[in-house]
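Thanks for coming. I will go through one structure with you, a few features at a time. Please keep the picture open while I talk.

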Amino acid sequence: MNFGRGCGPTETMCGTIGARMSRPGWIDAVERTAGARYSAIVGAVEIALRAGVLRPGDRLPPQRDLAAWLSLNIGTVSRAYAEMQRLGLVRGEVGRGTFLNPVQDPDGPPSLREPVPRQTFVDLSHNFPAHAMHHPALALIRPELDGAVDLGGLLASQVDVGLLRHRTIAARWLGRFGIEARADEVLVTCGGQHGLLLSLMALTHPGDAVLAEELSFYGLKSAAGMLGRSLVGVRMDREGIVPEYLDVVCRRTRAKVLVCTPTLHNPTTATMSDERRREVAEICARHDVLIVEDDVYGFLPDPILRPLAASAPDRVVHISSLSKLAGPGLRIGFLRVPRQLVSAFGIALRATTLMASPFNAEWATRLLESRRIDQVVAAMRAETQARQALVAGLLPRQAILTQPNAYYFCLKLGNGWSAEAYTQAAEEAGVGVTPISLFEVSSLHQSDTVRVCVNAAPDRETLREALEKLAGLLEAGAPPTVRFRGAV
């Protein structure tokens, strides 16, 4: 039976050459859509593609067949096909027909590219959108930014790895996490993303395979793609990377770098136990694999978990950042690098930004050495826990995957929803979420999960209202047009 799919990419006329295509189910949406008929056709194809009813490579019906099914003149249908070709949705192949193009995967939530967010839109698709909450410890941070500053000295500074004073303070901060670091092992970066980029540049070459969790931060995927590095996903469970699979992938690929997030992994919130960290470090040492530890959320657990860099300082590059502690606008992070690799990282730093801003580094390190820093950390933990409590109270327990100190959670959908269709429906309801496919290193077909960021709402009441909308969509289930894929 035909439940709405077009022809597959290698099929001719959906079967035997010359056979007539039966009417696909997605066409019903055209008849239910108001407005110009050519525009309704384009919209129906877009919706069917987003919902998985149609897929890249499928062949659309011949124009004359579509015109007959919809009782339209051929000119209207031709206009629709021309518009889809202009938009890049389809391509025409002489003698074969019109085929859907592969969808260009985005490298981040659409909200990251929106110039002016809608005032009524609650963007829970990433941690700090334009209308995110004010920092709960802003009053504590402000005095550290208002003190006297050596303006002339900072303006004249050009030290690629960062001023010695700043690196010394950063080394002391890392010591709070059990990482013994000297100032000459620390580099100042323009945030955690910059640290990921520098690590790929300094430790790998174009064409190299780089190991990563099977779900990884889309910023890492973007950096690897731009640099020509191939990410290889490693199986995960609720503690992150599974050691047995890591061992197999290390042997098969002979890759020499692993990038991972042991604490509050983004997006799953998976957190490695001490035993799991030991196993991962031992396997990497056995296969001579260097570890890049993305630890930007390391300050959130209480008590703090021991980073991989604390146990294996000669084999681990440690990435930290103030973006999650003070806000993304500061754009300051720190790399703790094994001493033998400092030179390579310095070259990568000069090739990108030359150096991080000494102004921003001055304020960042003032905050880190402030007596108020513990209060700032406590405020972020308390606010995050309060927001996660709202999640636990408003959404079905079996549908959420999270931890109390995490800035985000995974929402497993069910009830006929695909992640893409749910994301679209949530956006129409005024809430931004992120489909899990954005984090997939390889195709996992986890099309029923989205990530939701709790600290993105300006206040708890706004978050509550947004979560109630998400819960309502979840309970109502997907509309019939979205359910076609499950019937195929």
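I start with a helix pair: helix 17 passes helix 18 in a right-handed crossing. A crossing counts as right-handed if the near helix is turned clockwise from the far one by less than a right angle, and as left-handed if anticlockwise. Helices here are DSSP runs of H or I with at least four residues, strands are runs of E with at least two, and both are numbered from the N terminus.

Before I go on, this is a predicted model, in which local features need pLDDT of at least 70 and side-chain atom pairs count only at pLDDT 80 or more, while totals for chains, interfaces and linings use all residues. Residues are numbered from 1 along each chain as its sequence is written, and side-chain values use heavy atoms, with hydrogens and water left out.

Back to the helices. Two packed helices are described by the angle between their axes and the distance between the axes. Helix 17 covers residues 419-428 and helix 18 covers residues 460-476; they pack at about 130 degrees, with axes 10 Å apart. The axes are lines fitted to C-alpha atoms, for helices over the stretch in contact, and angles run from 0 to 180 degrees between N-to-C directions. Helix 17 and helix 18 are therefore oblique to each other. The scheme is this: under 35 degrees is roughly parallel, over 145 roughly antiparallel, 65 to 115 roughly perpendicular, and the rest oblique.

Now a second pair. Helix 10 (residues 243-253) packs against helix 11 (residues 274-286) at an angle of about 10 degrees, and their axes are 10 Å apart. That makes helix 10 roughly parallel to helix 11. Helix 10, too, passes its partner helix 11 in a right-handed crossing.

Next, the sheets. Strands of a sheet pair through backbone hydrogen bonds, either parallel or antiparallel. Two strands count as paired if DSSP finds at least two bridges between them.

Another open sheet has four strands, ordered 13-14-17-16, and its pairing is antiparallel. Strand 13 (400-401) and strand 16 (434-435) are the edges; each has a single partner strand, so one side of each is left without a neighbour in the sheet. Two bridges pair strand 13 with strand 14, residues 408-412, in the antiparallel sense. Leu401 has Cys410 in strand 14 as its bridge partner.

Most residues other than glycine have a negative phi, and most peptide bonds are trans. Where are the cis peptide bonds, then? One joins Asn266 and Pro267, with omega about 20 degrees. Pro267 sits in the loop between strand 9 (257-260) and helix 11. Another cis bond joins Asp302 and Pro303, with omega about 10 degrees. Pro303 is in the loop between strand 10 (290-294) and helix 12 (308-311). Finally, Asp288 is not a glycine, yet it has a positive phi of about 55 degrees. Asp288 lies in the loop between helix 11 and strand 10.
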